[in-house]
Amino acid sequence: DIDRGCFSLTGFYRRRIKRIAPVMLLVIGVTLVAAQILLLPQDAVTVAQSAIASLVGLANAYFWLFQDTGYFAADVREAPLLHLWSLGVEEQFYALWPLALIALAPWPPMRWIALAALASFLAGSLLFASAPAFVFYMLPTRAGELLVGALLAIAILRGHHAALKPILILPVAAFGVVLLGVSFTLIDNRDAFPGLLALIPTIGTAALILAGALGRNPITCSISTPLLRWSGLVSYSAYLWHWPLIAFLRY
């Protein structure tokens with residue numbers, strides 16, 4: 001749209017709000033009511049504070065500043081809105097992304113997006129020892145994962161992927177599966193993550209998406225069954241609901 005001169009900043013934000021806000025507001029509302037019934041008063045107050053931060057897209061900043069332990073620590077595993085940290089990262093990215101595209105339109109986007117993504121991954125690795133909570137929760141060290149997706153989207157929309165020969169479709173898909181398998185089995189909460197280690201699942205996911213864009217192949221067809229497609233369609237809602245249920249049960 002920027003290339004064609006018909007991009008609307010308000011239209012972009014409106015689409016994002018319509019996508020994110022309705023279910024999020026419902027989950028926050030139900031969680032607040034449940035907290036008043038199920039939690040001790042001081043814990044209900046903490047939930048309310050995290051809800052306010054979530055409503056303004058700062059859940060990640062809240063848990064970075066007011067929780068001094070990692071995502072898998074025992075005390076935060078009972079915080080019913082903890083999972084909205086990732087939505088905070090997403091919302092902050094969406095707030096800045098179109099502005100960056102407009103401001104940097106004169107420069108080749110593939111180049112500066114790739115450099116920005118690499119800087120984000122490097123920053124995560126360099127800062128993890130001194131500020132692990134910041135690295136885990138905050139946009140500067142999480143943006144690389146989103147920027148790889150943006151880089152892939154632009155490459156596909158501009159037809160750059162067509163240069164790959166059809167014989168490479170299956171190897172690209174297999175490469176993605178291998179990287180995801182490695183990330184599932186070898187990365188755990190003792191590792192410095194995200195950082196450069198996040199390149200493994202990020203590139204693996206990108207490879208699977210790229211293989212699907214290149215054409216039909218056994219691997220992407222196997223993950224395109226009606227049941228799996230349905231699970232993908234409801235994944236956002238399922239993600240929003242799953243953690244409050246788990247947190248209240250733990251509590």
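Me: In this predicted model, is Asp75 buried, partly exposed or exposed?

Reply: A residue counts as buried under 20% relative accessible area and as exposed over 50%, with partly exposed in between. Asp75 has a relative accessible area of 43%, so Asp75 is partly exposed. Asp75 is found in the loop between α3 (59-66) and α4, and although Tyr251 is 176 residues apart from Asp75 along the chain, their C-alpha atoms are separated by 9.7 Å.

Me: How should I read helix α12, and which of its residues are buried?

Reply: An α-helix has 3.6 residues a turn, so residues three or four places apart point the same way. In α12, the buried residues are Tyr236, Leu240, Trp243, Pro244, Ala247 and Phe248, and what covers them includes α1 and α4. The 16 residues of α12 (residues 235-250) should span 22 Å at 1.5 Å a residue, and because the end C-alpha atoms are 23 Å apart, the span agrees with that expectation.

Me: What is the volume of the second largest pocket, and which residues are the closest to its centre?

Reply: Rolling a probe the size of a water molecule over the atoms shows where empty space is left. Here the second largest pocket has a volume of about 880 Å³, and of the 26 residues that line this pocket, Trp97, Leu101, Ala153, Ile154 and Leu157 are the closest to its centre. The elements that each give two or more residues to the lining are α1 (9-38), α4 (85-103), α5 (109-127) and α7 (139-157).

Me: How many residues of each class are in that lining?

Reply: The lining of the second largest pocket has 18 nonpolar residues, seven charged residues and one polar residue.

Terms used. Residues numbered from 1 in each chain as written. Predicted model: local features only at pLDDT ≥ 70, side-chain atom pairs only at ≥ 80, totals over all residues. Heavy atoms only, no water. 1 Å grid on protein atoms, 1.4 Å probe; cavity = no way out; pocket = protein on both sides within 12 Å on 5 of 7 lines; lining within 4 Å. Points joined across faces, edges and corners; volume = space filled by probe spheres on them. Helix = DSSP H or I, 4+ residues; strand = E, 2+ residues; numbered from the N terminus. Nonpolar A, V, L, I, M, F, W, Y, C, P; charged D, E, K, R; others polar. Buried < 20%, exposed > 50% of the residue type's maximum accessible area, 1.4 Å probe, protein only. Expected span 1.5 Å × (residues − 1). Contact = heavy atoms within 4.5 Å.
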